[in-house]
Amino acid sequence: MSDELDEIQAIFFEECAEGLTTAEQGLSAMQAGDVSAEVIAGVFRAVHSIKGGAGAFGHADLTAFAHKFENVLDEVRGGKIPPSPGVVKVMLSAFDILTDHVESAKGLAPRPADEAALAALEQVLANKGADDGAPAAAPAPAPVAVEAPAAPAAEEADEFGFVPMAVSLDDFDAPAEAPAADASWIVTFKPSRAALANAGEPLLIIRELETLGAEILAVDTETVPPLRELDPEDAYFTWTLRVPGEVAEGDINDCFDFVAPDSVVEVRRDEAPAPAAAAPAADTGADEFGFVPVSAPIEDFAAEMQRVVETIAAASPPVSSVETPAIAPKAGGDAAQQTIRVDLGKLDLLLNLVGELVIRNSILADRLSPADRQRVELPELARLTRQIQDNVMSLRAQPIKQAFSRVPRMLRDLSVETGKTINLETYGETTEVDKGVIEKIGDPLTHMIRNAADHGLESAEERIAAGKDPAGTIKLSAEQRGARIFVRVQDNGRGINRERVKAKAIEKGIISPDAVLSNEEIDQLICAPGFSTAETISNISGRGVGMDVVRSNVEALGGRVEIHSVPGEGTTFTMILPLTLAILDGMIVRLAGQRFVLPLAHVLETVQPEAGQVKRTSPDSEVIDMRGEYVPVKRATEIFGLNDDRAVEDSLVVIVESEAHGKVGLVVDTIDDRREVVIKSLDQNLHPIRGLGGATILGDGSIALILDIEALVASTNRYTPKGMAA
Amino acid sequence: MTDTNDNAGTDRKIVTFSLAQQTFGIDMRALIEIREWDEPTPLPNVPGFIKGVTNLRGNVIPVVGLAERLGWEPSVIHARSCVLVVNIAGKQAGFLVDEVNDIVAIGETEIQPAPEVETIEPSVIAGLVRIATRQKDGTRDEKGTMVLLLDLDALSLTKHLDLAA
């Protein structure tokens, strides 16, 4: 039982995470100046549904805070509070606290100190109402200092020349003090067709409204289909109810907290105070109309329908009089997306199975005779397998936005801790990357951002002295290039102080004092284990583990980190990552007889060198003449310490394009095949090995190692320390 | 000492195997399977005791020359050479051994600590235990044999490779 509850609660927290992401994106957009109604409504809905769920699970602190936040958002949404930068700032801080509250509700964090944020929200609620107030403000029913929970002012109050302001529910409850309150509420409620299936029992909502003194004015049965087509499990009616004017709008809306998505709820003030006599004495009938028992015999139901129709005819005011523009659909769902939640484990299992299928497929192909291989069934099977594989891969592809979403919050915190004003610009958030990659770049990204904020950007004073904008900027971008994803963190700060880095590296014994290093090599020292130049160990970075962790994490993913720094202008860290961790289009080559996989994405062309086409430029380096262009040549056999006496004229040179070193020729014995291979990481059971991107299992069950082109071409010297095993 | 293995708290089972004329033992619980020797795919840039990687039902696992790893002369591959596939802290690895001998039950109390000077890495040997060995005619050799119990966690490849890399 409690397991079930935990499960439901887990879904709630998942929804919270989604809601928080939506809210944060919306707030960031507002901060950037997009204060359109959809953006504001999006944030409102996100916070509202968090509140609703929190209430259901009894997270009182979270509910209370979300409620207050929602009130402010509601006012902003209604145009009562302008979404000025100041207000957005308060809301962003409130959002951070809301995030903390969610963590606290999960039991992962202590209850956050939300007093300051609450007070700030209060102030927004109170001040903005007063600031916008017309001179002829009606006597305020309540002073601005309000105890929680404050209800948002009535939506339609303007029509009465009423000044919106935050008032406490207590005051609303006192009818005498609410001048316009005698105009009663007209509530229109049209549950979605699927309301009953979603446990959104309309009767319960109608009953709850009745406890507020609501009475049913009309039931619209126009959408009820002929009996033959009627599905007893669908909801067809639209109710119009009158709620006494002294009831707070918030209380009415609260009744609709848990309606099914796509339900229509309208709450408005009646145009004219309703004559007391106009209310039909429908109370007795309300329950019957409110609920259509699914088990009811059809005859009874038909009779019921007849009565409903009669009641409608007698009812006043007619339904048409309540057709006012919707204020806002209360229930969160816009057009419900056709999506389902799937456990990631199942997806991973599917991916593994498809990987095995691909391998079996090639084993099958290997076993068949060449003639059989050409028959239509096998290519068809291969094509289908590939399609399944592509689709499973696309299931795992997620926008990198997920990894970026935590950055704004982090920067706000960093901004407070460092006292620096930091602007964030993000690009390419929609770039899709394998879920596994997204999960694993979180930590490196965090370190890189912290590093940029703490070390990269100068203080405002320093920036002004250097003639720069006092606010620093961090650009976060992602783009796909071929089979690689580039994730950049770029700051416009001081750049790497190479003198200091070098001095520190010597001091820490990372390099010898007489080492001669290029600028790039000095920059790379930042990633050396145990390196940190921070004068004082700060809270943020400076323990000398950050960039080291970045490099090892990224390399473990089969990627690498590049650093580009211009003194006085800033530093760019680039993570270059594989698009997927699972499948690779490769060329099967032989090196000293052993099979290796060369990622096809890097391959430009293959040549069989003629005598004299490959020339030595030093005892350890060679170039190949490619139509007049001299391209450096690397011998992977030498790099790997494999014995190979083959003359270069008997070999093939594969020209590859590397990110860091441009075109490079790799000498291989032969090319066996071209095929898609399933990448098996070496570190799953061993350890990542430099020069290798992993391994794969070939059709005959044997293993071929996957070459890491970038690491191979970057190796200027032979790898000789241990040589080849066995 | 005759009945040492038959009574007195037979808490665990070990697999015994020979390597460099010694008898070693590992805990049964860590053993996944025993396979025939099959030349693994060699790896570049790894310590010499890592023979390469092999395919274990779709998993790529390293194969370790246990003799070299423990500082003995490398094993010579022969017909009875085999690979013990073990699980060390969630990672799988194959150990090349000269011959698998037996599965025996031992009592925790029978294990004696190994003298620190015996191996290059003292921590690799978890302890010493005497077992009665089975003769070819099925009778027991009453003198028994000393078994070197290996501490698999200390043999963890990732740990060692981190240092070696």
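**Entry 1: where the chains touch**

The model I am reading is a predicted one.

**Entry 2: chain A as a whole**

I turned to chain A, which has 22 helices and 24 strands. Chain A has 726 residues, and 37% of them count as buried. I also looked up its contacts between residues at least 6 apart in sequence; 70% of these join residues at least 24 apart.

**Entry 3: two helices of chain A**

I picked helix H2 (residues 37-56) of chain A and helix H3 (residues 60-77) of chain A. Their axes come within 9 Å and cross at roughly 155°. Angles over 145 degrees count as roughly antiparallel, so H2(A) is roughly antiparallel to H3(A). The crossing of H2(A) and H3(A) is left-handed.

I listed some of the residues that make the contact. From H2(A) they include A:Ile40, A:Val43, A:Phe44 and A:Val47. From H3(A) they include A:Leu62, A:Ala66, A:Phe69 and A:Leu73. By class, the contact of H2(A) with H3(A) has twelve nonpolar, four polar and four charged residues. Among the contact residues I also found A:Lys51 of H2(A) and A:Glu70, A:Asp74 and A:Arg77 of H3(A).

**Entry 4: a sheet with E22 and E23 at its edges**

In what order do the five strands of this open sheet of chain A run? I wrote down E22-E14-E15-E24-E23, with mixed pairing. Strand E22 (670-678) and strand E23 (692-697) of chain A are the edge strands, as each pairs on one side only. Neighbouring strands of this sheet are turned by 35° against each other on average, direction ignored.

Inside the sheet I followed one pair. Strand E14 (residues 583-591) and strand E15 (residues 594-599) of chain A pair in the antiparallel sense over six bridges. A:Gly586 has A:Pro599 of E15(A) as its bridge partner. Helix H11 (residues 344-367) of chain A packs on this sheet and touches E22 and E23 of chain A. The direction of H11 makes about 145° with that of E22(A).

**Entry 5: a sheet with E8 and E12 at its edges**

I went on to an open sheet of five strands in the order E8-E10-E11-E13-E12 (chain A), where the pairing is mixed. Its edge strands are strand E8 (422-427) and strand E12 (560-566) of chain A. On average, neighbouring strands here are turned by 15° against each other, direction ignored.

Strand E10 (residues 472-481) and strand E11 (residues 484-491) of chain A pair in the antiparallel sense over eight bridges. I found A:Lys475 opposite A:Gln490 in E11(A).

Which elements of this sheet does helix H15 (residues 407-418) of chain A touch? I noted E8 and E10 of chain A, and a direction that makes about 165° with that of E8(A). Helix H16 (residues 435-456) of chain A also packs on the sheet, touching E8, E10, E11 and strand E13 (570-578) of chain A. The direction of H16 makes about 175° with that of E13(A).

Definitions and conventions
Residues numbered from 1 in each chain as written. Chains lettered and ligands numbered in written order. Predicted model: local features only at pLDDT ≥ 70, side-chain atom pairs only at ≥ 80, totals over all residues. Axes fitted to C-alpha atoms, helices over the stretch in contact; angles between N-to-C directions. Helix = DSSP H or I, 4+ residues; strand = E, 2+ residues; numbered from the N terminus. Parallel < 35°, antiparallel > 145°, perpendicular 65-115°, else oblique. Left-handed = near helix turned anticlockwise from the far one by under 90°. Contact = placed C-beta atoms within 7 Å. Nonpolar A, V, L, I, M, F, W, Y, C, P; charged D, E, K, R; others polar. Buried ≥ 20, exposed ≤ 12 C-beta atoms within 10 Å, placed from the backbone. Pairing = 2+ DSSP bridges.
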